[in-house]
Amino acid sequence: ATFELILMSAMAVAGLELPFKNHALAAKKNGVKKDAVRQAVVIPMAATATTFAVISALHWIDEIYDDPSL
């Protein structure tokens with residue numbers, strides 16, 4: 001799970017929406033809590049991520065975790 005969170009953090013910084021969503025969906029299916037994914041996205045904001053990239057990724061997380069059909 002740690003590897004996936006680090007990978008999703010890097011994808012969020014890079015703005016890679018589709019790969020990020022694929023890994024977020026896998027994380028959800030494997031029981032990773034939404035808050036853990038959100039934290040992995042917010043942490044880089046202090047060093048490398050732009051505010052836009054973080055906000056976009058937070059929306060992507062909501063799309064995956066709030067959709068009961070996924």
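User: Why is the overall size of the protein said to agree with a compact globule?

Analyst: The radius of gyration is taken over C-alpha atoms, and the globule rule is 2.2 Å times the number of residues to the power 0.38. With 70 residues, that rule gives a value near 11 Å, and the protein has 11 Å, so the two agree. Along its principal axes the C-alpha trace spans about 35 × 20 × 20 Å. This is a predicted model, in which local features need pLDDT of at least 70 and side-chain atom pairs count only at pLDDT 80 or more, while totals for chains, interfaces and linings use all residues. Residues are numbered from 1 along each chain as its sequence is written, and side-chain values use heavy atoms, with hydrogens and water left out.

User: What makes the pattern of the protein α-α-α-α?

Analyst: Helices (H or I, at least four residues) and strands (E, at least two) are DSSP runs, numbered from the N terminus. The protein has four helices and zero strands, and reading along the sequence gives α-α-α-α.

User: Why is serine 9 called buried?

Analyst: Buried means under 20% relative accessible area, exposed means over 50%, and partly exposed lies in between (1.4 Å probe, protein chains only). Serine 9 has a relative accessible area of 13%, so serine 9 is buried. Its place is in helix H1 (residues 2–14). Leaving aside neighbours within four places in sequence, serine 9 is in contact (heavy atoms within 4.5 Å) with Ala40 and Pro44. Of the 70 residues of the protein, 33% count as buried.

User: Why does valine 32 count as buried?

Analyst: Its relative accessibility is 15%, and therefore valine 32 counts as buried. Valine 32 is found in the loop between H2 and H3. Methionine 8 is 24 residues away from valine 32 along the chain, and their C-alpha atoms are separated by 12 Å.

User: What does leucine 25 touch?

Analyst: Leucine 25, placed in helix H2, touches Ile64 and Leu70, not counting residues up to four places away in sequence. The C-alpha atoms of leucine 25 and leucine 5, 20 residues apart along the chain, are separated by 12 Å. For the protein, among contacts between residues at least 6 apart in sequence, 63% join residues at least 24 apart.

User: What makes glutamate 63 and lysine 21 a salt bridge?

Analyst: A salt bridge is a side-chain nitrogen of Lys or Arg within 4 Å of a carboxyl oxygen of Asp or Glu. For glutamate 63 and lysine 21 the N to O distance is 2.4 Å, and their side chains meet in a salt bridge. The pair links distant parts of the chain, with glutamate 63 in helix H4 (residues 51–65) and lysine 21 in helix H2 (residues 17–29), 42 residues apart. Glutamate 63 counts as partly exposed because its relative accessibility is 40%, whereas lysine 21, at 16%, is buried.

User: How many salt bridges does this rule give?

Analyst: The count comes to five salt bridges.

User: Which residues are linked in a network of salt bridges?

Analyst: Lys34, Arg38, Asp62 and Asp66 are linked in such a network. The side chains of lysine 34 and aspartate 62 meet at 2.9 Å, N to O. This pair links distant parts of the chain: lysine 34 is in helix H3 (residues 34–42) and aspartate 62 in helix H4, 28 residues apart. Aspartate 66 also forms a salt bridge with lysine 34, with the closest N and O atoms 2.9 Å apart. That pair too links distant parts of the chain, with aspartate 66 in the segment after H4, 32 residues from lysine 34.

User: Why are lysine 34 and aspartate 62 called partly exposed?

Analyst: Lysine 34 has a relative accessible area of 23%, so lysine 34 is partly exposed. Aspartate 62 counts as partly exposed because its relative accessibility is 25%.
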